[in-house]
Amino acid sequence: MIQLTQPFVGSFDLDHLDVWWEVADTVEDILLYSFYVQRSESPEGPWTTLVGPLKDKWRFRDTSVNQLNRSRSYFYRIRAVEDATSVEVFSPASRKEAEQDLIGSEISRRF
């Protein structure tokens, strides 16, 4: 059974978030698995599948996020399903918080 690392989430643009992941070293054929990218606003779920099945891609660009809302956090995880047996493996959840509001922080600091 394969093991997934925690997904990496980041972006230099407010229009999207890039999600990419890695598979730990294994002797299994990775192409026997299908990968799904899931998102939630809580680490416990409920999880929404954004894309899948992916076979030979290790990156996904999520263009449906609203990064202008500073109070919203997004959690991403990767679901891998072995095609022959339908056994599922999940990665740990990765959190992407909204960027800190620097003006609001300065106002709070002054008061």
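In what order do the 3 strands of the open sheet stand? The order is 1-2-5, and the pairing is antiparallel. Its edge strands are strand 1 (8-10) and strand 5 (59-62), each of which pairs on one side only. On average, neighbouring strands here are turned by 15° against each other, direction ignored. For that angle, axes are lines fitted to C-alpha atoms (for helices, over the stretch in contact), and angles run from 0 to 180 degrees between N-to-C directions.

Before we go on, a word about the model: it is predicted, so local features need pLDDT of at least 70 and side-chain atom pairs count only at pLDDT 80 or more, while totals for chains, interfaces and linings use all residues. Residues are numbered from 1 along each chain as its sequence is written, and side-chain values use heavy atoms, with hydrogens and water left out.

**What counts as a strand**

Strands (E, at least two residues) and helices (H or I, at least four) are DSSP runs, numbered from the N terminus. Two strands pair if DSSP finds at least two bridges between them. Strands of a sheet pair through backbone hydrogen bonds, either parallel or antiparallel.

Strand 1 and strand 2 (residues 17-20) run antiparallel and are joined by 3 bridges. In this pairing, glycine 10 stands opposite aspartate 18.

**Strand 3, wrapped up**

Now look at strand 3 (residues 33-40). Of its 8 residues, 8 are buried (under 20% relative accessible area; exposed is over 50%, partly exposed in between, with a 1.4 Å probe and protein chains only). That is why strand 3 is largely enclosed by the rest of the structure. In a regular strand the side chains alternate between the two faces of the sheet. Here, both faces are covered: Tyr33, Phe35, Val37 and Arg39 are buried on one side, and Ser34, Tyr36, Gln38 and Ser40 on the other.

Strand 3 has 8 bridges to strand 6 (residues 74-82), running antiparallel, with tyrosine 33 opposite glutamate 82. Strand 3 also pairs in the antiparallel sense with strand 4 (residues 48-54), over 4 bridges. There, phenylalanine 35 has leucine 54 as its bridge partner.

**Two buried aspartates**

Aspartate 18, in strand 2, is buried at 12% relative accessibility. Its side chain makes a polar contact of 3.3 Å with that of arginine 59. A polar contact is a pair of N or O atoms within 3.5 Å; within protein, one must be able to donate a hydrogen and the other to accept it, and residues adjacent in sequence count only if both atoms are side-chain atoms.

Aspartate 62 sits in strand 5 and is buried too, with a relative accessible area of 2%. Its side chain has a polar contact of 2.6 Å with the side chain of tyrosine 76.

**Rings meeting rings**

The structure holds 4 aromatic pairs. Rings of Phe, Tyr and Trp (its six-membered ring) pair if their centres lie within 6.5 Å; planes under 30 degrees apart count as stacked, over 60 as edge-to-face and the rest as tilted. Phenylalanine 8 and tryptophan 20 are stacked, because their ring centres are 5.9 Å apart and their planes are at 25°. Phenylalanine 8 lies in strand 1 and tryptophan 20 in strand 2, 12 residues apart.

Tryptophan 21 and tryptophan 58 have ring centres 6.5 Å apart and planes at 65°, so that pair is edge-to-face. Tryptophan 21 is buried at 3%, whereas tryptophan 58 is partly exposed at 32%. Ring pairs link Trp21, Phe35 and Trp58 into a cluster.
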